[in-house]
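Me: I would like to go through the labels used for this model and ask what stands behind them.

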Amino acid sequence: MFLKTLKPLVHHVHADSGGLQMITLGKTITEELKQDVYENQAKYSDIAMAFDVIPVKVLGEKSVRLDTKTRLFDAEKHEECAKESGKNLKTQIEYFLKQKSTTRPFLIAQGNCYETYMRWVEIMLKQLPKSYIECI
């Protein structure tokens, strides 16, 4: 229904991964859940957000969406999170290729200044075979 009714009316359909929403709801993001998201992204979108692992430190027990007072950039986790995000991007690309989907993943970069954003992208791209970079 979506593809017949709405797709012809829009230029590109962007699909979020839903990762932040899942975490906010207290759900655990499993590999199976990611595969379900990739399946929907591959079928219904042109551009699909990748699952990124956000390098933040939460002060206190809980942090709510858009809360900037209890969340801090965690420089110690930055590289580890970038590597994990790169692995997620690789898995997403592999799924789209296997399904022969034209959907293109959208790399999400995390950092707190120009240098950390650029470093994030470098680390992520090292997780991918060079041939996958053209898929992004």
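Me: What makes the pair Glu31 and Lys34 a salt bridge?

Reply: The closest N and O atoms of Glu31 and Lys34 are 3.1 Å apart, and a salt bridge is defined as a side-chain nitrogen of Lys or Arg within 4 Å of a carboxyl oxygen of Asp or Glu, so the pair qualifies. This is a predicted model, in which local features need pLDDT of at least 70 and side-chain atom pairs count only at pLDDT 80 or more, while totals for chains, interfaces and linings use all residues. Residues are numbered from 1 along each chain as its sequence is written, and side-chain values use heavy atoms, with hydrogens and water left out.

Me: Why is Lys34 called buried, and why is Glu31 called partly exposed?

Reply: Buried means under 20% relative accessible area, exposed over 50%, and partly exposed in between (1.4 Å probe, protein chains only). Lys34 has 7% relative accessibility and therefore counts as buried, whereas Glu31, at 49%, counts as partly exposed.

Me: How do you know that the buried residues of H3 line one face of the helix?

Reply: Helices are DSSP runs (H or I, at least four residues), numbered from the N terminus, and in H3 the buried residues are Lys34, Val37, Tyr38, Gln41 and Ala42. Seen down the axis of H3, they fall within an arc of 135°, taken from the directions from the helix axis to the C-beta atoms, so they line one face.

Me: What makes Arg119 and Glu122 a salt bridge?

Reply: Their closest N and O atoms are 3.5 Å apart, which is within the cut-off already given, so this pair qualifies as well.

Key:
Helix = DSSP H or I, 4+ residues; strand = E, 2+ residues; numbered from the N terminus.
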